[in-house]
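Trainee: I am new to this structure. Please take me through one part of it closely.

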Amino acid sequence: MKRQIPLAIVITLGFLFVIHTFVPHKISQDFYDWFQTWIKAISPFAVFLGVMSLFNVHRTKISRRVPNWQYSVITLIGLFFTAFAGFMWGTQEGTPYMWLFTNVQMPMSATMFSLLAFYIASAAYKAFRARSAEATVLLVAAIIVMLGQVSLGAAITKWIPETSRWILNVPNLAAKRAIMIGVGLGMTATSLKILLGIERTYLG
Amino acid sequence: MNKLIQIFQKMQSVDRRYIFIVVALSIIIPLLIPFNSKTYVTEPTESIYRKIDSFANDKSKAVLLSFTHNASTMPELFPMEVAVLRHCFERNIKVFTICWLPDAAPLVDYAINTAKEDYNVQSGIDYCNFGYRPYSLRIPIMLGMGENIAESVETDSQGRKLDNLPIMDNIKNYDDMNLVIDFAGSSSAIQWVMYARAKFGANVAAGITAVMVADNYPYLQTGQLIGMFRGLKGAAEYEKLVDVFASYESPDYPNGRPFSKEIIKETWVPITDDKIPYKYKKARIGMNAQSVAHIMIIVFILLGNIGYFLTRQKKKKIV
């Protein structure tokens, strides 16, 4: 039953939504509107589950004193303190929550993302080599696109931004579209397998 | 020649921390000491500007800004958001905001507060923040807004019923809120294309980080995206457009001047000019740093390859 009931729900609702997409009848539209209310009710439970899961994972790490368990303490303090600040004083401008966001979360998140620049520079120097004809094409394309992205490229010659645009519009698009068509076909096949009950790995 | 090969060989095995220092300096110095550089406006940015500008003083049209990112991508996306909000406030255009991630909610407030400081605009009249809506409700809300925005979103971020807000006069669905700009570090604008554009004909544009540009290009080329802010460069271009047209002041044009390709080509906006507040030229200052960083990376690639070829040649000779 543990597997059959979820499977029955997925297959029934899956087919109902397929019918809704292709049959624009009032009954089908009403069903869709009714279901939207259900989705709104289900969403808060997902958040609750997420918080519970995060808490349990880090609680276990702390109680078992696994390596670097101290970071889990910081995570839990951050979780509770931020939530407390939000519930207690609200999330508007000038509140402790907004202060935490602007002075802690914003700079920390941006710092993590900006590390990318350092790794790209290091990788470019250490590994980006014209070892073969394909690698040379990639290297030249990368340099043109990088120059095309900044004002210096246009200042050198108008051909740099134009070539950069051509690279993005022609070879890049051809490859992207091929990938997208492949992904689309794969998604359709997987969806069909789920609808027909062949693919069941999501049941755990 | 042998000495040169030796130098390059040594450089090949240089500690990566030296590279990090060079990159850090090439980013920090241009940020601390801004210099004037040209900003060339490209078609995808220009299209968004012209579309928004066509709504000027029209109370039956509005723009929706969808925030699908968190603070990590803020350096690239935040200047775009501020520039678009500034344009809307400058040209008396109704603007709505919505966000789909819990940590994007403060970003929306921050963007609105940054832009509204210089304008006499009021929440619920000139702009409206729908606030945070869970990502799982994104598609139902997108589709719902195609029928009736007030029924689909129900309340704004302050809990006020949308039906009671003056900004909702003449704004019912995508026919009126006719431009959606999705700001993200991913391809999430495609969802707006698939649902809001395909089903209801909404105009969709994307504000994305530079690394995601290639992924979104197919939709730009087909016209499914009417325009695109391509990373910090797009933000810098939009800042310039707002400076040159929307916030332009003269006796001939008391409310900004209309867009003109000739004017934008000829106009040079010096960013070292103190007349423009820092928050409105952040992207252009950032582009200076990006320009230097790109050049540094290109130099690194070239040096690495010269070293590689010299070492290979030496090895061949030995064999």
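Which residues in α4(B) meet which residues in α5(B)?

Mentor: One point before the details: this is a predicted model. Now to the helix pair. From α4(B) come B:Met74, B:Phe78, B:Glu81, B:Val82, B:Leu85, B:Arg86 and B:Phe89. They meet B:Leu107, B:Ala111, B:Ile112, B:Thr114, B:Ala115 and B:Lys116 in α5(B). By class, this contact has nine nonpolar, one polar and three charged residues.

Next, the geometry. Two packed helices are described by the angle between their axes and the distance between the axes. Take the two helices in turn. In chain B, helix α4 covers residues 74-90. Helix α5 of chain B covers residues 105-116. They pack at an angle of about 50°. Their axes are 9 Å apart. Because of that angle, α4(B) is oblique to α5(B). The crossing of α4(B) and α5(B) is right-handed.

Now step back to the chain that holds this pair. The secondary structure of chain B comes to twelve helices and six strands. Its C-alpha trace spans about 80 × 50 × 35 Å along the principal axes of chain B. Chain B has 319 residues, and 49% of them are buried. Look at its contacts between residues at least 6 apart in sequence. Of these contacts in chain B, 75% join residues at least 24 apart.

Chain B also touches chain A. Here 43 residues of chain A are in contact with 47 residues of chain B. On the chain A side, the elements that give two or more residues are α2 (26-63), α4 (96-127), α5 (133-149), α6 (151-156), α7 (159-169) and α8 (171-195) of chain A. The largest share of that side comes from α4(A), with 16 residues. By class, the side of chain A that touches chain B has 27 nonpolar, ten polar and six charged residues.

Finish with one residue of chain A. A:Tyr97 is found in helix α4 of chain A. A:Tyr97 is buried, because 22 other C-beta atoms lie within 10 Å, and the cut-off for buried is 20 or more. Leave aside the neighbours of A:Tyr97 within four places in sequence. A:Tyr97 is then in contact with A:Thr82, A:Ala85, A:Gly86, A:Trp89 and A:Thr91. A:Tyr97 and A:Phe87 are ten residues apart in sequence. In space, A:Tyr97 and A:Phe87 are 9.0 Å apart, C-alpha to C-alpha.

Conventions. Residues are numbered from 1 along each chain as its sequence is written. Chains are lettered from A and ligands numbered from 1 in the order in which they are written. This is a predicted model: local features need pLDDT of at least 70, side-chain atom pairs count only at pLDDT 80 or more; totals for chains, interfaces and linings use all residues. Axes are lines fitted to C-alpha atoms, for helices over the stretch in contact, and angles run from 0 to 180 degrees between N-to-C directions. Helices (H or I, at least four residues) and strands (E, at least two) are DSSP runs, numbered from the N terminus. Angles under 35 degrees count as roughly parallel, over 145 as roughly antiparallel, 65 to 115 as roughly perpendicular and the rest as oblique. A crossing is left-handed if the near helix is turned anticlockwise from the far one by less than a right angle, and right-handed if clockwise. Two residues are in contact if their C-beta atoms, placed from the backbone, lie within 7 Å. Ala, Val, Leu, Ile, Met, Phe, Trp, Tyr, Cys and Pro count as nonpolar, Asp, Glu, Lys and Arg as charged, and the others, Gly among them, as polar. A residue is buried if 20 or more other C-beta atoms lie within 10 Å of its own, exposed if 12 or fewer, and partly exposed in between; C-beta atoms are placed from the backbone.
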